[in-house]
Amino acid sequence: MAHILTCAYIPVHGFNPKQLKFLSPARKPRRTTVALAVSAPEKRGRRRKQPKKEAELAGAAAEEEKALRFVFMEELMQRARNRDAEGVSDVIYDMVAAGLRPGPRSYHGLVVANVLSEDEEGAMQALRRELSAGLRPLHETFMGLIRLFGSRGRATRGLQILAAMEKLNYDIRQAWLVLVEELVRSNHLEDANKVFLKGSEAGLTATDQLYDTLIVEDCKVGDHSNALTIAYEMEAAGRMATTFHFNCLLSVQATCGIPQIALETFENMEYAGEDYMKPDTETYNWVIQAYTRAESYDWLLEVREFVGMMMESRKRVQPNVRTYALLVECFTKYGDLKEAIRHFRALKNIEGGTRILHNNAQFGDPLSLYLRALCREGRIVELLEALESMAKDNQPIPSRAMILTKKYRTLVSSWIEPLQEEAELGYEIDYIARYVAEGGLTGERKRWVRRRGKTPLDPDAEGFIYSNPVETSFKQRCLEEWRRHHRKLWEHLRNEGPSALGDVSEADYKRVVERLQKLMTGPEALKPKAASKMVVSELREELEAQGLPTDGVRNVLYQRVQKARRINLSRGRPLWIPPVEDEEEEEELRELISRIKLHEGNTEFWKSRFLGEEYKPIALGQTELDEGMNDVDAAEDVSEDSDDSDDIDEVDEEKEVEQTESQEDDALDRVRDKEVEAKKPRPMIGVQLLKDADLVSQRSRKSRRKYLYDPAEDADGDWFPEDLYGAFKELRERRLFDVDDMYTIADAWGWTWETELRNRTPQSWSQEWEVDLAIKVMLKVIELGGMPTIGDCAMILGAAMRAPVPSALLTILQTTHKLGYRFGSPLYDEVITLCLNLGELDAATAVVADLETIGITVPNETLDKVISASLDA
């Protein structure tokens with residue numbers, strides 16, 4: 001069919017059928033009786049020798065008939081290409097009228113015309129007409145019918161055509177392949193599988209492309225059974241399944257909710273031993289997806305272990321953007337935000353990473369969950385990095401990320417203290433009108449209080465697998481990170497001893513330890529002084545700070561302080577602590593602390609340490625530091641019932657002084673002893689572990705027995721030289737262990753930024769830094785299409801006034817007015833007054849000018865203050 005429809009025309013110049021002399025009027029054709037579908041060849045007798053003139057006349061007549069037939073066929077095929085079935089039938093009648101017998105190609109044209117016009121019945125009538133004429137249809141004719149029935153999803157008729165072809169001794173393999181391909185292309189996958197399996201049972205072999213197409217399409221619709229059956233048929237035909245086919249099966253197994261099935265397939269690929277079926281990056285992605293989106297169990301530990309397996313195959317497999325997106329989604333949903341941040345830093349370096357993470361808000365909208373988790377845990381620096389990455393990828397902020405909290409605040413300001421209070425807007429709020437507007441009368445209003453037997457109503461709980469992150473302010477997060485960092489420094493100093501500080505004296509070492517312990521404790525670990533020990537001035541100071549009356553004798557003041565503390569504890573408020581003036585840290589002490597290097601993630605450093613190269617002196621004993629550590633832990637676990645336990649807090653001061661002096665003397669003696677031992681070369685880590693094991697065994701009762709050497713123990717040849725360097729060399733030669741096996745995820749996946757971030761000193765919290773971050777987050781959210789609330793703007797304005805940051809007040813007000821919000825007049829007066837009190841006349845004038853520009857009337861008293869301040873200036 002194809003070569004006839006696409007063949008080039010043979011030009012016939014100057015030929016006119018009407019000029020033919022032998023062309024007579026149409027005559028009635030002879031009637032013949034057809035007994036079989038294919039006529040038998042006629043028997044020919046011996047040809048008589050014709051004269052030369054008659055032979056020439058016969059040859060000329062044959063040439064003229066051939067030319068005439070070509071003209072008819074050219075017209076017939078032209079009409080067949082134009083899908084004109086009636087025109088083709090007319091041409092066939094004209095051929096008969098001209099004395100020409102239509103052949104198989106003529107009827108092939110009639111079938112083609114019906115096939116191109118998608119007329120199933122017309123095509124079958126043309127085939128029956130050809131068979132009734134006693135002709136044998138061409139192979140191309142059957143192929144055209146196969147394509148028609150396959151594209152129309154008529155699998156049964158297609159099988160009937162294949163049976164007819166088989167009866168006519170045609171090779172049906174190509175037709176079978178075409179039928180299956182057309183059924184797949186027309187989205188009749190179930191019929192395609194049936195036709196394919198019937199052909200396979202009959203011994204037909206498909207092409208590699210057809211095997212791949214069927215497996216891919218079956219896996220797309222989730223038909224794992226047929227895909228696996230076709231894979232078995234492919235292997236039976238001699239073609240083994242590769243990584244591509246296993247990945248197709250994994251794509252179905254990853255969505256069934258049972259990750260053990262995907263893991264079993266992965267293990268078959270990993271441990272099969274054949275290179276053509278080893279797992280690739282896509283394989284790991286499917287297994288991680290199976291763990292991430294299976295909500296039947298806590299699979300976090302399994303995901304961590306699986307990521308470790310992927311790291312072991314780092315020379316063959318490297319993660320891609322989908323790997324990082326799935327890991328961020330997994331760790332976010334399971335509440336491991338630290339790991340989610342680490343993998344998001346790798347994701348943001350890939351173009352379009354945030355769009356892939358968003359995934360059109362499917363599967364719980366992982367991008368929104370990540371942003372909300374960062375906001376709730378107070379990780380605003382990482383939140384700003386994520387928003388900047390979204391701006392780079394042109395990813396708008398999702399509506400799920402801009403969800404409102406209970407206090408009508410979004411991620412722009414819900415991390416600014418106080419967390420559980422609404423912002424001051426400068427005017428009275430009509431709570432009844434707001435209640436009605438939120439659907440309180442119709443029952444559509446959101447309920448935040450959990451009802452018995454009902455699921456939590458907090459909208460932030462949606463999407464997280466077990467529980468949403470605990471709400472933490474930015475200030476609390478900074479203090480926690482600050483304490484955690486100095487705890488690491490303290491532990492490193494405990495392990496390394498004075499050598500970590502370089503050449504320092506005992507006094508300097510002691511000062512550094514005390515300073516680190518103080519930084520680890522933090523201001524929040526302080527507890528109020530017992531009321532029974534407070535003098536009258538201290539009692540009055542605490543009462544005055546809380547706005548309570550300060551008149552009366554000591555007993556009256558004592559009772560007021562105790563009652564105020566009990567009320568604060570019952571209402572969940574922090575107890576009042578007298579302000580402590582932070583001592584300015586000496587430059588020398590700061591320089592000593594900066595000498596402590598953690599070397600976290602520095603693989604080369606720890607390789608050299610393990611091999612015993614460039615060892616530092618032996619570490620100090622841990623007795624005095626362990627005592628300090630216990631003090632720090634005790635300070636962190638402050639009891640909230642300090643008011644009711646005044647007697648427990650009273651300790652004999654003389655005993656404390658004596659105990660402290662004795663501990664200091666013992667600590668100094670131990671420092672001197674360790675500094676003498678520090679001059680000795682330090683053994684390797686392996687030797688230290690052996691020494692620790694010996695110490696433990698010596699303390700046990702069983703180890704007191706005398707050990708008798710048995711030479712039979714070394715009969716197996718598993719021995720190592722006594723020289724430690726020789727022992728490590730023996731380990732490398734036997735391939736039992738090598739330093740090349742020491743690596744981190746940063747080394748395996750090329751995270752060049754990881755070491756610097758892990759060893760960076762966290763920035764201490766300040767109100768100015770918080771205001772700066774809040775303004776940046778608000779502007780970035782507006783750029784990404786988000787809409788902060790008036791409460792967000794008011795909270796940022798309040799934080800800027802508490803700092804105070806006069807330069808930021810105008811920016812916040814202008815942004816608020818651009819959003820269409822207006823504060824109350826008292827709040828504007830407070831802003832202007834604050835600027836005047838701070839001596840920022842330009843800022844006050846700019847605020848007044850902005851208010852006048854947008855049509856807000858400034859009270860005359862406020863204008864008089866500004867004018868008088870400008871005149872004084």
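**Helix packing and buried positions**

Ser 368 counts as buried because its relative accessibility is 0% (buried means under 20% relative accessible area, exposed over 50% and partly exposed in between, with a 1.4 Å probe and protein chains only). The model is predicted, so that local features need pLDDT of at least 70 and side-chain atom pairs count only at pLDDT 80 or more, while totals for chains, interfaces and linings use all residues. Residues are numbered from 1 along each chain as its sequence is written, and side-chain values use heavy atoms, with hydrogens and water left out.

Ser 368 lies in helix 19 (residues 366-376); helices are DSSP runs of H or I with at least four residues, numbered from the N terminus. With residues up to four places away in sequence not counted, Ser 368 touches Pro 398, Arg 400 and Ala 401 (contact means heavy atoms within 4.5 Å).

Helix 14 (residues 281-292) and helix 16 (residues 321-333) have axes that come within 10 Å and cross at roughly 15 degrees. Helix 14 is therefore roughly parallel to helix 16 (angles under 35 degrees). In helix 14, Thr 281, Glu 282, Asn 285, Trp 286, Ile 288, Gln 289 and Thr 292 meet Arg 322, Thr 323, Leu 326, Leu 327, Glu 329 and Cys 330 of helix 16. The contact of helix 14 with helix 16 has 5 nonpolar, 5 polar and 3 charged residues.

Helix 23 (residues 506-521) has 16 residues and reaches 23 Å from its first C-alpha to its last, close to the 22 Å expected at 1.5 Å a residue (1.5 Å times one less than the number of residues). Buried residues in helix 23 include Asp 508, Tyr 509, Val 512, Arg 515 and Leu 516.

How values were computed. Axes are lines fitted to C-alpha atoms, for helices over the stretch in contact, and angles run from 0 to 180 degrees between N-to-C directions. Helices (H or I, at least four residues) and strands (E, at least two) are DSSP runs, numbered from the N terminus. Angles under 35 degrees count as roughly parallel, over 145 as roughly antiparallel, 65 to 115 as roughly perpendicular and the rest as oblique. Ala, Val, Leu, Ile, Met, Phe, Trp, Tyr, Cys and Pro count as nonpolar, Asp, Glu, Lys and Arg as charged, and the others, Gly among them, as polar.
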